[in-house]
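Please look over the sequence and the model before reading on.

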Amino acid sequence: MGIWMLTTLVLTRGYAGTLMSLLAVRHVRQPYHTLMDVLDDPEVIQIWQKNSANEQLLRSVTSGIYREVMNQEELGLLIFRTQGQLSESLTSLVKPDGHVLIDVDVTVRNLIAGIFSQSGRCDYFVSRDGFLPFYGVVASQKGNPLIPAISKRVMQLTSSGIFEYWFEKQIPNSTSCLITPSTVVERVPLSLASLWGVFVMLAAGLTSSVIAFCLENFITYFS
Ligand SMILES: *[C@@H]1O[C@H](CO)[C@@H](O)[C@H](O)[C@H]1NC(C)=O
C-alpha cells in the first residue's frame, strides 16, 4: 500500500506540474553565449562583417580562438557580409535559425533596435559573453605631446559611461530588446492538440499505478 500511494503521489505531482508548465511558459532556445559555444556547434554558420577591422583581424591571426574561427571558412561555416547587408542577414538568415551574427556590441544592438522599431518584435538574443570591444579613439600626428593627456580624457569618458548613454539616447528603441528572457509567457487559447502531452502523461500514470498496484498485491500474496 505504501509503494502504491507513493507512486500515485509522484505521478499526480508530475501530472499537475506538466499541466501547469504547459499552460504557463514557453522556453526560448538560447544556445550560444560564448564564441566557444558557436565553434562547438558543427552546423551553425557565422556571419562576420565584410571589409571590416574584424575581418582583417581574422585574416591576420595565426593562432588562438580567432584562428579557429577563420578555419571555419573552408568548411563553409563562415561568411562575410557588408555592413549594409547585416540587417537583411539578420532577418533572412539568423531568424530562420542556423546562423549567428558576430560583430561589435553596439552594431548588433543597433541592428536589433532598428528591426524592433519596424516590426515591434524581439526576435533575437544577444550572448551573455562579450568580445570585440569597441573603443572611441582620437587620432593625431605621431609624437604629438598632447596625446597622453588626450588618452587620459578618452579613458575617463569611456569609463564614465557617456558613450553608452549617448547610444541609448540616440538610437530609438535601443533598450527594448536588451533583456531577452529565456522563457516567455504565451497567451494562446487552449486546444486539445496542445494538451496531447497531458493525455500521454495520464495514460502513463494510470498504467504505472496499475502495474505498481499489481506488484504490491503480488508481493503481499507471496510473502
Ligand atoms: C519603437 O518601436 C515601436 C514598436 O515597433 C515603434 O512603433 C516606434 O515607432 C519605435 N520608435 C521609434 C522612435 O522608431
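UniProt positions are given in the numbering used here, feature names are shortened, and annotations may be inferred rather than shown by experiment. From an unreviewed UniProt entry comes the label "transmembrane region" for residues 195-215. The model is predicted: local features need pLDDT of at least 70, side-chain atom pairs count only at pLDDT 80 or more, and totals for chains, interfaces and linings use all residues. Residues are numbered from 1 along each chain as its sequence is written, and side-chain values use heavy atoms, with hydrogens and water left out.

**Annotated span**
- Residues 195-215 are 95% helix and 0% strand, where helices (H or I, at least four residues) and strands (E, at least two) are DSSP runs, numbered from the N terminus.

**Ligand site**
- F116, S117, G120, P172 and N173 surround the ligand, each with a heavy atom within 4 Å of it.
- A polar backbone atom of F116 is 2.9 Å from an oxygen atom of the ligand, and one of S117 is 3.2 Å from a ligand oxygen atom.
- For G120, a backbone N or O atom lies 3.3 Å from an oxygen atom of the ligand.
- The ligand taken alone exposes 360 Å², and the protein buries 45% of that (Shrake-Rupley method, 1.4 Å probe).

**Loop residue**
- P133 sits in the loop between α6 (105-119) and α7 (147-160).
- P133 has a relative accessible area of 58%, so it counts as exposed (over 50%, with a 1.4 Å probe and protein chains only).

Methods: Polar contact = N/O pair within 3.5 Å; in protein donor to acceptor, adjacent residues only side chain to side chain. Buried < 20%, exposed > 50% of the residue type's maximum accessible area, 1.4 Å probe, protein only.
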